Amino acid sequence: MLQFSWPTTGNENRLAELENDLASGKISHAYLFAGPAEVGKFTAAKFFAQLLICENHACGECSDCKLIRANVHPNLTLVGDLWIEGANEDLDLLARKSNFNQTQRMKNPKAKTNTIRIDDLREILSRVNHATASWNVFVIHEIERMNREATNFFLKTLEEPPPRTVFILTTNNLPLLLPTIVSRCRVLNFGNVSPTTIDAQIRTKFPGLSEAERSRVVNFAMGKPIRAEKLAADPTVFREFKEYFEQLKNLVEKPSVSEKLAFAERVSSNNAETQKFLEAFAYFLRGFLLTRAKNPVVNSRYSTKKLVELIRELDSTRELIGHNVNSRLAVENLLLQI
Ligand SMILES: [Zn+2]
C-alpha cells in the first residue's frame, strides 16, 4: 500500500521503494528510472521531486507545491522537451515539461535534433541553488539524448554532486547508457502496466467513455498508461494512430517498393514521427502474432518465425536510431523487409 497519492498508474513496487528512501532519509544523489516510454517515469520523477522539496511531502497547498505545479520552482529543474529548429519551437508547449533557459539552442548552430549538448547541460546545472536549505532536484528525461561530450561532463557532476542535490534521470534505453553513468545511480526498473490496471485508470478518469471505447483505448495503449490517457482524452490522437495502422496494413497487403520508400521518407522527417511509426509498427506486429496464436492455420502473409524476425528487426532499428544512425535509412531497411 502506498502512503502518497502518486499521479501515475502501476509500478507500485518501484514507488514503494522511493517512499522507503524518503521514510529512512536515505536519499540517493542520483536515481535512474529505466523502462519503456509512456509508462509514467517523468510524472513519477516530478512527484518524487515534490515529495523531497515540500516540507509536508507534496501537500499540494504550500507555496512550494504551487510553484512546482506551475513548473517555476527555483529548486526544481525539469529537462523534458527541448527546443528544435523547425520541429519543436512552441515555447508555451515546451514550458510544460522543461523550465531551464533554452536560448543557447536557438543560437547558431541552431539545435536540429533532440540531443542534449554540453551547453544545455551547463545552463541546466547553473540552476543549482547553493543558498537553499531544501533539496535541489534535477529531473532529466531520456538521458540517452546526451551526446558524448555532454555525457562526460555529466559524469564528472555525478562523481562530485553539488551538496543537497538529487538527480532523477529517466531512460527508455538502458543498454545505450555508459556503465559508468548507470553505476553511479540507484536504478529503478519501470515496466508496462497490465490491461486490467489501465482499464481501471481509464474508467476512473474518463467515466464518460462507453465500454467499447474504453476497451479500444486499453487495447491500443499496449501497457502504457500515459498513452492510454492521451488516447482517451483526444479522439484525434486515436484517429491518427488508427490511420497509421491502416497505412501499414496497406503496405503489407500491396507491397510496392516505391510506396514503402515514400512512407519511410515521411515517417523519418522528425523524431516524433519516427517514434510514432515504431510504436504503431510494434502494435501491428503484435496484432499479427496474437491472431496466429489464436488460430495457427489462419491465412496470414507471415509465418510466426518471420514475425519474430520482424520484431527483432524492429528492436535493432530502434537501437540504431537511438545511436543517431540516419533514421530514414533505418526505417527504409525495416520496411523493405515486410
Ligand atoms: Zn506542499
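The largest nonpolar core holds 50 residues, and those with the most contacts inside it are Phe33, Ala49, Val139, Ile168 and Leu169. A nonpolar core here is a set of buried Ala, Val, Leu, Ile, Met, Phe, Trp, Tyr and Cys residues joined through C-beta atoms within 7 Å. A residue is called buried if 20 or more other C-beta atoms lie within 10 Å of its own, exposed if 12 or fewer do, and partly exposed in between, with C-beta atoms placed from the backbone. Helix H2 gives the largest share of this core, eight residues. Because domain 1 (12–189) and domain 2 (194–233) both contribute residues, the core lies between them; the domain bounds come from an automatic or database domain assignment. In soluble globular proteins, nonpolar side chains tend to be buried together.

The model is predicted, so local features need pLDDT of at least 70 and side-chain atom pairs count only at pLDDT 80 or more, while totals for chains, interfaces and linings use all residues. Residues are numbered from 1 along each chain as its sequence is written.

Touching, or contact, means that the C-beta atoms of two residues, placed from the backbone, lie within 7 Å. Apart from this core lies another, of twelve residues, among them Val267, Leu278, Ile321 and Leu335.

Next comes the sheet. Five strands form an open sheet in the order S2-S3-S4-S1-S5, with parallel pairing. S2 and S5 are the edge strands, each pairing on one side only. On average, neighbouring strands of this sheet are turned by 15° against each other, direction ignored. Helices (H or I, at least four residues) and strands (E, at least two) are DSSP runs numbered from the N terminus, and two strands pair if DSSP finds at least two bridges between them.

Strand S1 is joined to S4 by five bridges and to strand S5 (residues 186–189) by four. Alanine 30 has phenylalanine 167 as its bridge partner in S4. Tyrosine 31 stands opposite isoleucine 168 in S4 and opposite arginine 186 in S5. Five of the five residues of S1 are buried, so the strand is largely enclosed by the rest of the structure. Both of its faces are covered, with Ala30, Leu32 and Ala34 on one side and Tyr31 and Phe33 on the other.

How is helix H2 placed? Eleven of the 13 residues of H2 are buried, which leaves the helix mostly covered. The buried residues of H2 pack against helix H1 (12–24), strand S1 (30–34), helix H3 (63–69), strand S2 (76–79), strand S3 (136–140) and strand S4 (165–171). The 13 residues of H2 (residues 41–53) should span 18 Å at 1.5 Å a residue, and this agrees with its end C-alpha atoms, which are 18 Å apart; the expected span is 1.5 Å times one less than the number of residues.

The last stop is tyrosine 302, in the loop between helix H14 (271–294) and helix H15 (304–322). Tyrosine 302 counts as partly exposed because it has 16 C-beta neighbours inside 10 Å. Not counting residues up to four places away in sequence, tyrosine 302 touches Phe288 and Leu307. Its C-alpha atom is separated by 53 Å from that of isoleucine 53, 249 residues apart along the chain.

Conventions: Axes fitted to C-alpha atoms, helices over the stretch in contact; angles between N-to-C directions.
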